[in-house]
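Visitor: I'd like to learn how to read a structure like this one. Could you walk me through a few features?

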Amino acid sequence: MKIEKFCPSCRKTFVIEVPQDGYERWLSGELPQNAMPDVPSATREQLITGIDDACWRKMWIEVEDV
């Protein structure tokens with residue numbers, strides 16, 4: 001299934017694709033890595049927080065530079 005997610009960091013909207021059964025299991029309380037093990041961790045993170053992978057990487061680079 002396709003889900004639109006808004007990234008609060010770059011303020012862009014992304015469409016991510018996840019299996020419907022896994023998405024529903026996650027919504028029911030299952031851990032996302034268990035509900036959707038075949039979905040890349042960056043995609044699962046974007047599903048949870050909205051923050052896309054490029055923004056996560058940029059944030060971590062900034063943190064490491066401090």
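This is a predicted model: local features need pLDDT of at least 70, side-chain atom pairs count only at pLDDT 80 or more; totals for chains, interfaces and linings use all residues.

Visitor: Let's start with the core. Which residues make up the largest nonpolar core?

Guide: The general idea first: in soluble globular proteins, nonpolar side chains tend to be buried together. Here the largest such group has eight residues: I3, I16, V18, Y23, A35, M36, V39 and L47.

Visitor: Say I pick I16. What is I16 in contact with, leaving aside its neighbours within four places in sequence?

Guide: With those neighbours set aside, I16 contacts M1, K2, I3 and K5, plus T43, Q46 and L47. Two of these partners, I3 and L47, are also listed with I16 in the core.

Visitor: Now a helix. Which residues are buried in helix α3?

Guide: Helix α3 spans residues 41-49, and its buried residues are T43, R44, Q46 and L47. They sit on the same side of α3, because they cover an arc of only 160 degrees around the axis.

Visitor: On to charged pairs. How many salt bridges does the count come to?

Guide: The rule asks for a side-chain nitrogen of Lys or Arg within 4 Å of a carboxyl oxygen of Asp or Glu, and by that rule there are two. One joins R25 to E30, with the closest N and O atoms 3.0 Å apart. R25 is partly exposed at 33% relative accessibility, and E30 is partly exposed too, at 29%.

Visitor: What about R57 and D53: how far is it from N to O in their salt bridge?

Guide: That one comes to 2.8 Å between the side chains. Both residues belong to helix α4 (residues 53-65), and being four residues apart, they are separated by about one helical turn. As for accessibility, R57 is exposed, with a relative accessible area of 53%, whereas D53 is partly exposed, with 31%.

Terms used
Residues are numbered from 1 along each chain as its sequence is written. Side-chain values use heavy atoms; hydrogens and water are left out. A nonpolar core is a set of buried Ala, Val, Leu, Ile, Met, Phe, Trp, Tyr and Cys residues joined through side-chain atoms within 4.5 Å. Buried means under 20% relative accessible area, exposed over 50%, partly exposed in between (1.4 Å probe, protein chains only). Contact means heavy atoms within 4.5 Å. Helices (H or I, at least four residues) and strands (E, at least two) are DSSP runs, numbered from the N terminus. The arc is that of the directions from the helix axis to the C-beta atoms.
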